[in-house]
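The entries follow in the order in which I made them.

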Amino acid sequence: GNALAGQWLPARERAAVALATAIPASVGRVTTEVKMLGGGSLALALKGGVVADLGGPTDIAEKLKDLAVFLAQVGLNGAGEIDLSVPSQVVVTPAGA
C-alpha cells in the first residue's frame, strides 16, 4: 500500500527501503526498480530485463557486493536472472531459459 507522511512502514517495506539505500553506485547504474516478492524476498530489476533475486532481507550488504563483483567481471549480457539469495553463491540463469 501507500504510506502517508508520519506513518510507520511495515517490515516488508522497510526492508525494501533499506535495500534501496544500500545499493552501491556500480549496481545503481543498472538498477531500474527495487521489488518486493512473495515470502518477504527482495529483488532488483536491472537493465535489459534482468532480475537480481536477493532472497530474504538478510546479508544485503554481502549480496550487493556479490552483485557488484559479478557485474564488474561478467556484466549483464546473456543473463536472465541472477540468484543472490545465498551470499557468495551467485547462480545465473541465462535469458530465455
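**Entry 1: the hairpin.** The model is predicted. I began with S2 and S3, which form a hairpin with 4 residues between them. In the turn I noted Gly48, whose phi is positive at about 80°. Strand S2 covers residues 42-46 and runs antiparallel to S3, with 4 bridges joining the two.

**Entry 2: strand S3.** I then asked how many residues of S3 are buried. In this strand, residues 51-55, the count is 4 of 5, and I recorded S3 as mostly covered.

**Entry 3: the other neighbour.** S3 also pairs with strand S4 (residues 79-83), here in the parallel sense and over 3 bridges. Asp53 has Asp83 in S4 as its bridge partner.

**Entry 4: Lys63.** Within helix H3 I stopped at Lys63. Which side chain of opposite charge is nearest to this residue? It is Asp59, 5.4 Å away. A salt bridge requires a distance within 4 Å, so I recorded Lys63 as buried yet without a salt bridge. I did find a polar atom of the Lys63 side chain 2.9 Å from the backbone oxygen of Thr58. Leaving aside residues up to four places away in sequence, I listed the contacts of Lys63 as Leu54, Gly55, Gly56, Thr58, Leu84, Ser85 and Pro87.

Notes. Residues numbered from 1 in each chain as written. Predicted model: local features only at pLDDT ≥ 70, side-chain atom pairs only at ≥ 80, totals over all residues. Heavy atoms only, no water. Buried < 20%, exposed > 50% of the residue type's maximum accessible area, 1.4 Å probe, protein only. Pairing = 2+ DSSP bridges. Lys, Arg positive; Asp, Glu negative; His and termini not counted. Polar contact = N/O pair within 3.5 Å; in protein donor to acceptor, adjacent residues only side chain to side chain. Contact = heavy atoms within 4.5 Å.
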